[in-house]
Amino acid sequence: MPKLFDECLYTPFTYKDWRNDSEDGGKKMIRLADDGGEIEFGKRNDIFIFEYGVVIMWCYTRKEEIAFLEDLARFESEKLSSEDVQVEEFNYYITTSYQPRIYNDFITLRDDANYMLKLSISHALAQSVKISLFEELVDNTIEDTQDIPQQIAHTGKVEMTRDEIMKSIGELFILRININLHGSVLDSPELMWAEPHLEPIYQATRGYLEINQRVELLEQRLEVISDLLQMLKEQLGHSQEENLEFIVIVLVCIEVLVSVVNVVVDLLTY
């Protein structure tokens, strides 16, 4: 029973051969100390697959998660290396004692079957995971290129060849394009316009994950990369001007040399 919500594909999915009836049949309850309410462990298996490469899985064991991701791997494009893969984990419970909320890495829901509510939370979780990847990529890029401003400060120019400068410019452009093309990661999804009742829990999850502050900081770091990119482009332009000046000087020297040779030949002739 899959459903497509803009950039997200949703489906309930259960590995029945790994679960027995006794495990699913009994309800596990925990009594809360503060108000006497009870919470129940979530039991509904839901998967949300986002087009920008994030998978949110509800109520799966680690073994099931690994198995599903291995099955999904055949459809991957631009696969990340294992060290770049970002993972976030939360506990979630079902209770009627609280309104849906996220607190201290615990998600509480009133209805385990309400996949739309899970979808709104999953949107925020997926955005947080993708932003974590962007943050790491930007940090790595700034770290890899931090020697360039130091070179300019000490020598007045970038001690890089033209090919090295062009490669750095290309890498910086690719990073900025990849981040800017994922507008749905940085902004609220269109689902919030169609389903306004989901907006509060979505915004609450974004607030808990500090997404707005992280996006602002990410944009500031992108500005640093943009300034560095502009600096490299100017350096490349200066290098081209220097090459042209050198060629002009060589040509002038050749012309002077030819003129001197002609004068000497003429003097010797007479």
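Mentor: In this predicted model, helix α3 has 31 residues and reaches 44 Å from its first C-alpha to its last, which is close to the 45 Å expected at 1.5 Å a residue.

Trainee: How many residues of α3 are buried?

Mentor: As a general idea, an α-helix has 3.6 residues a turn, so residues three or four places apart point the same way. In α3, 23 of the 31 residues are buried, so the helix is largely enclosed by the rest of the structure. At the start of α3, a side-chain oxygen of Asn114 comes to within 3.3 Å of the backbone nitrogen of Met116.

Trainee: Where is Asp112 found, and is Asp112 buried or exposed?

Mentor: Asp112 is found in the loop between β9 (106–109) and α3 (115–145), and its relative accessibility of 13% counts as buried because the cut-off is under 20%. The side chain of Asp112 makes a polar contact with the side chain of Tyr92 at 3.0 Å, and a polar atom of the Asp112 side chain lies 2.8 Å from the backbone nitrogen of Arg44. Beyond four places in sequence, the residues that Asp112 touches include Gly42, Lys43, Ile94 and Lys118.

Trainee: What describes a pair of aromatic rings?

Mentor: Such a pair is described by the distance of the centres and the angle of the planes. The count here comes to 8 aromatic pairs. In one of them, the rings of Tyr93 and Phe106 have centres 5.6 Å apart and planes at 15 degrees, so the pair is stacked. This pair links distant parts of the chain, with Tyr93 in strand β7 (residues 91–95) and Phe106 in strand β9, 13 residues apart. Tyr93 counts as buried at 14% relative accessibility, whereas Phe106 is partly exposed at 32%.

Notes
Residues are numbered from 1 along each chain as its sequence is written. This is a predicted model: local features need pLDDT of at least 70, side-chain atom pairs count only at pLDDT 80 or more; totals for chains, interfaces and linings use all residues. Side-chain values use heavy atoms; hydrogens and water are left out. Helices (H or I, at least four residues) and strands (E, at least two) are DSSP runs, numbered from the N terminus. Buried means under 20% relative accessible area, exposed over 50%, partly exposed in between (1.4 Å probe, protein chains only). A polar contact is a pair of N or O atoms within 3.5 Å; within protein, one must be able to donate a hydrogen and the other to accept it, and residues adjacent in sequence count only if both atoms are side-chain atoms. Contact means heavy atoms within 4.5 Å. The expected span of a helix is 1.5 Å times one less than its number of residues. Rings of Phe, Tyr and Trp (its six-membered ring) pair if their centres lie within 6.5 Å; planes under 30 degrees apart count as stacked, over 60 as edge-to-face and the rest as tilted.
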